[in-house]
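Work through the exercises below with the sequence and the model open. Each task is followed by a solution in steps.

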Amino acid sequence: MKFFRLVLAQLLRKKVRTTLTIGSFTVALFLYGLLVTIRGAFSGGADVAGVDRLTVINKTSLIMPLPFSYRDRILRVPGVSGVTYATWFGGVYQDEKNFFPQFGVDKDTWFDVYAEYVLPKDQREAFLRDRQACLAGKSLAKRFGFKVGDRLPLRGTIWPGAWEFNVAGIYEGNRPEVDTTGLLFRFDYLEERRQFGKGTVGWYVVRLANPDDAVKVTRTIDEGFANSPFETLTQTEKAFATAFAKQMGNIEFLVMTIGSVVFFTLLLVTGNTMAIAVRERTGELAVLKTVGFSGPGVLALILAEAVLIAGQGGLIGLGLAKLFTLGGDPTRGLLGTFYLSWGSLGLGFMLALGVGAVAGILPGVAAMRLRVADALRRV
Amino acid sequence: MVRVDGKGNGESLIQVRDLDKKYQRGSEEIDVLQGLNLDVDKGDFVAFMGPSGSGKTTLLNLLGGLDLPSAGSITVAGDEITHMSASKLTAWRARHVGFIFQMYNLIPVLTAFGNVELPLLLTRLSKADRRRHVEAVLGVVGLSDRLDHYPRQLSGGQEQRVAIARAIVADPTFLLCDEPTGDLDRKSAEEIMDLVERLVHEHGKTVLMVTHDPRAAERAHTVLHLDKGVLVEGAGGGA
């Protein structure tokens with residue numbers, strides 16, 4: 001701590017340069033925060049996927065349905081403790097640009113399998129009472145101003161016609177990462193009104209009694225429906241969500257590439273700054289060594305400066321990114337989740353410190369190896 | 001008592017024996033110091049004079065453990081420093097040597113207090129003890145009212161006083177002064193030399209000083225001339 005004043009004094013030597021370098025870190029870490037958030041939005045399902053859930057889809061394609069009769073057969077598979085199902089609706093609310101996902105779900109089992117959705121008891125009862133009831137996710141409700149009791153009209157695209165729902169409740173996630181941008185309505189209402197596809201569902205979601213049985217249950221389900229007109233592809237929910245996200249492109253790769261370029265550039269900028277900072281005070285470093293600072297001690301001072309710059313810039317950048325994400329999804333709900341987790345913030349901060357330390361190493365080692373007699377001769 | 005014949009009784013504070021220093025410049029080898037011997041007792045004040053390039057600063061650097069000799073030995077207070085590892089030498093330097101430079105070499109971003117405190121940061125002294133020591137030595141050099149001044153806010157003479165305070169704050173065994181008055185006007189130079197003399201006479205410090213200034217040199221007990229890498233005893237100082 002007693003050396004902190006020395007480090008701080010060195011940082012304040014060239015205020016503009018220090019500010020600009022901190023600014024570089026701020027911008028880079030702000031960008032990191034946004035990239036991580038966007039990556040999370042595209043792979044959010046994978047990140048929050050339950051380890052005890054499997055998804056069963058038609059082996060041919062996700063858009064092909066599965067018979068409703070499969071439900072009971074899946075439920076009888078050893079290791080399965082619950083089954084629910086859903087069907088993609090694809091309705092339009094007022095205008096096509098107002099896209100949000102809508103699912104017809106089983107009113108009795110959906111919330112048993114998806115424990116991360118939180119719904120007040122009275123709203124759940126209202127959902128069970130009303131055939132036309134629907135539940136809006138919190139983000140969706142906020143996006144369009146939906147309130148309990150509202151009448152919500154959708155224009156069917158897969159099943160044409162005007163569909164009307166009553167908003168019976170607003171569900172939330174038990175964690176910030178849980179996607180609440182969708183609309184859930186009762187499958188029995190869909191089944192009753194749709195003109196085709198009766199007796200089928202979009203996919204099943206299976207809850208496992210023991211997550212360790214995932215491989216065995218997956219195999220049993222798929223083998224049970226092999227060589228049937230509706231063969232199944234069962235996979236963990238995480239694998240399903242990841243595959244689903246990849247339909248939109250390899251966001252992970254894109255984010256990693258941009259992030260790497262940003263951090264590499266930052267490394268060069270900071271490294272150069274630290275090199276200049278060390279070079280222009282060669283004489284002072286020699287004085288420090290003269291009065292008894294060891295080589296490693298001088299190296300530590302240089303590293304501390306670099307890390308302090310990185311830490312400050314990182315904190316500001318990540319703080320701004322967090323504030324930005326708290327402001328909500330800038331696409332007004334197109335992204336499933338728009339949340340910068342504390343884990344990602346911590347990782348970003350560590351990355352910033354790491355870049356700072358690496359940037360300080362070369363000039364720091366040069367300072368450590370500085371020969372005092374030579375350096376003093378140059379003063 | 002200062003001797004340059006290598007026949008000291010072995011009880012001197014500083015003993016230099018057969019010291020050689022060579023520099024390599026391209027393919028050429030330059031002998032800066034050749035077979036140099038020196039004995040300096042505690043409380044001595046020695047001035048080294050000589051033409052530029054005669055090796056005065058090189059000798060000072062070797063005595064201060066800032067550079068290593070090509071041959072020979074230097075023993076200070078019983079410690080032979082010529083074979084110490086870099087880390088041991090650094091620790092030794094912090095404990096035993098106070099440096100005063102011609103250009104003061106203060107850290108411009110630190111106040112007078114911060115500059116003087118630097119050597120104490122390496123000790124186990126508490127913050128309060130460090131403050132007490134720093135204030136005391138700044139008092140010795142007459143700068144009690146300049147604690148919070150930055151080097152740019154001080155005159156050359158005051159900067160050198162701060163540098164002297166920094167050199168003595170850890171109570172080193174001896175002081176090495178490299179042209180301490182070389183960048184000062186006559187009046188300031190006299191004041192600095194008065195201060196150095198006080199350190200010798202009142203505080204019992206051992207001082208080895210390189211200078212071109214005959215007036216500064218005459219304050220020393222002994223003046224030694226370096227010529228072509230060899231020490232020659234000159235006229236005594238004013239003490």
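**Exercise 1.** At what angle do helix 10 and helix 13 of chain A pack, and how far apart are their axes?

Solution. The model is predicted: local features need pLDDT of at least 70, side-chain atom pairs count only at pLDDT 80 or more, and totals for chains, interfaces and linings use all residues. Residues are numbered from 1 along each chain as its sequence is written, chains are lettered from A in the order in which they are written, and side-chain values use heavy atoms, without hydrogens and water.

Step 1. Find residues 251–279 (helix 10) and 342–369 (helix 13) of chain A; helices are DSSP runs of H or I with at least four residues, numbered from the N terminus.

Step 2. The angle is about 35° and the axes lie 9 Å apart. Axes are lines fitted to C-alpha atoms over the stretch in contact, with angles from 0 to 180 degrees between N-to-C directions.

Step 3. List the contact residues (heavy atoms within 4.5 Å). Helix 10 of chain A gives, among others, Phe263(A), Leu266(A) and Met274(A), and helix 13 of chain A gives residues including Leu351(A), Val355(A) and Pro363(A).

**Exercise 2.** Describe the interface of chain A and chain B.

Solution. Step 1. In contact are 22 residues of chain A and 24 of chain B.

Step 2. About 2100 Å² is buried between the two chains, 65% of it from carbon and sulfur atoms. Buried area is the accessible area (1.4 Å probe) lost on putting two parts together, summed over both.

Step 3. Lys2(A), Thr290(A) and Val291(A) supply 26% of the area that chain A buries against chain B.

Step 4. There are two salt bridges between the chains (side-chain nitrogen of Lys or Arg within 4 Å of a carboxyl oxygen of Asp or Glu). One of them joins Arg371(A) to Asp67(B), at 2.9 Å from N to O.

Notes. Helix = DSSP H or I, 4+ residues; strand = E, 2+ residues; numbered from the N terminus.
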